[in-house]
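Please read these points alongside the coordinates.

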Amino acid sequence: MRMLSVPNYALYEVHANGEERRLNPDEKPLLVQLNWHIDDREGRFLLKNIDQKTTPIEHNDINFKRKLSKREKKEQKKKNKLAKLNSDGTSNGPSHLPGGGTNGLHGHTNGTEGENQVAGKLYTELPETSFTRSISNPEAVMRRRRQQKLEKKLQQFRSRDGGPDTGGTLKIYGESLCQDVPYKTLLLSIRDCAQAVVREMLTKYGLEKADPLHYCLVQVNSDGSEYILDDDECPLSILMNHPTSRGKFSFLIILFV
């Protein structure tokens, strides 16, 4: 009588280039995943039968694995791409024999090939999950999103019929609020009044709880004269309508006493 054997399963890490490794019982999958960034690669975990032939790598050997250089990584990527193209060309269909039959070798798949197909499906059929680690730089992503947001807002201010723009950037000096940050650049509309600019400047400097009525926006001319803007005056409109022959000027925010 044939005895039934209970399959024994283990956890493997599988990478896009076909590499796979069996995790040791004392290894922690989350720590293994976090260490993938050392070689700048992605990976996923696969639970499968350990009876399939897999060469386990000792845990101590991981720390001594040499990192590939940029040139070696590029060559490895080319080799993988060529191997994939060759495999696609040879697996278009079963080869036909002269007698009209098909070659039985192509129709036979063993257990190892089945496991390789399962590992390949991790990157072709299964959807992305939150457990897949991303190697993107979050600071660069946020900086790019802010830039895209500013560009989108600038597009709204630009005139489509050849007329003057309805918005732009304006530099407001705020040394009285913070000596380390002498000014802030705001994206304003020509209809934004001085009171709204003061409120936004206080927010930019982290003074959201301050009363905007205690601050005012001042226009400083090139001759040293100063003019306090009323709450309903629009600083960007003043700048765009100011003739260049009268010299340059700047805006600053001060505490109104």
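Which residue forms a salt bridge with Arg21, and how far apart are the closest N and O atoms?

1. The partner is Glu13, and the closest N and O atoms of the pair lie 2.7 Å apart. Both Arg21 and Glu13 are buried. The model is a predicted one, and these values should be read as computed from it.

2. Arg21 also forms a salt bridge with Glu27, where the closest N and O atoms are 3.0 Å apart. Glu27 is buried, as is Arg21. Through shared partners, the salt bridges join Glu13, Arg21 and Glu27 into one network.

3. In total, the structure holds three salt bridges. Another of them is formed by the side chains of Lys48 and Glu20, at 2.9 Å from N to O.

4. Are Lys48 and Glu20 buried or partly exposed? Lys48 has a relative accessibility of 4% and therefore counts as buried, the cut-off being under 20%. Glu20 has 23% relative accessibility, so it counts as partly exposed.

5. For checking in the viewer, the contacts can be taken in two groups.

Notes: Residues are numbered from 1 along each chain as its sequence is written. This is a predicted model: local features need pLDDT of at least 70, side-chain atom pairs count only at pLDDT 80 or more; totals for chains, interfaces and linings use all residues. Side-chain values use heavy atoms; hydrogens and water are left out. A salt bridge is a side-chain nitrogen of Lys or Arg within 4 Å of a carboxyl oxygen of Asp or Glu. Buried means under 20% relative accessible area, exposed over 50%, partly exposed in between (1.4 Å probe, protein chains only).
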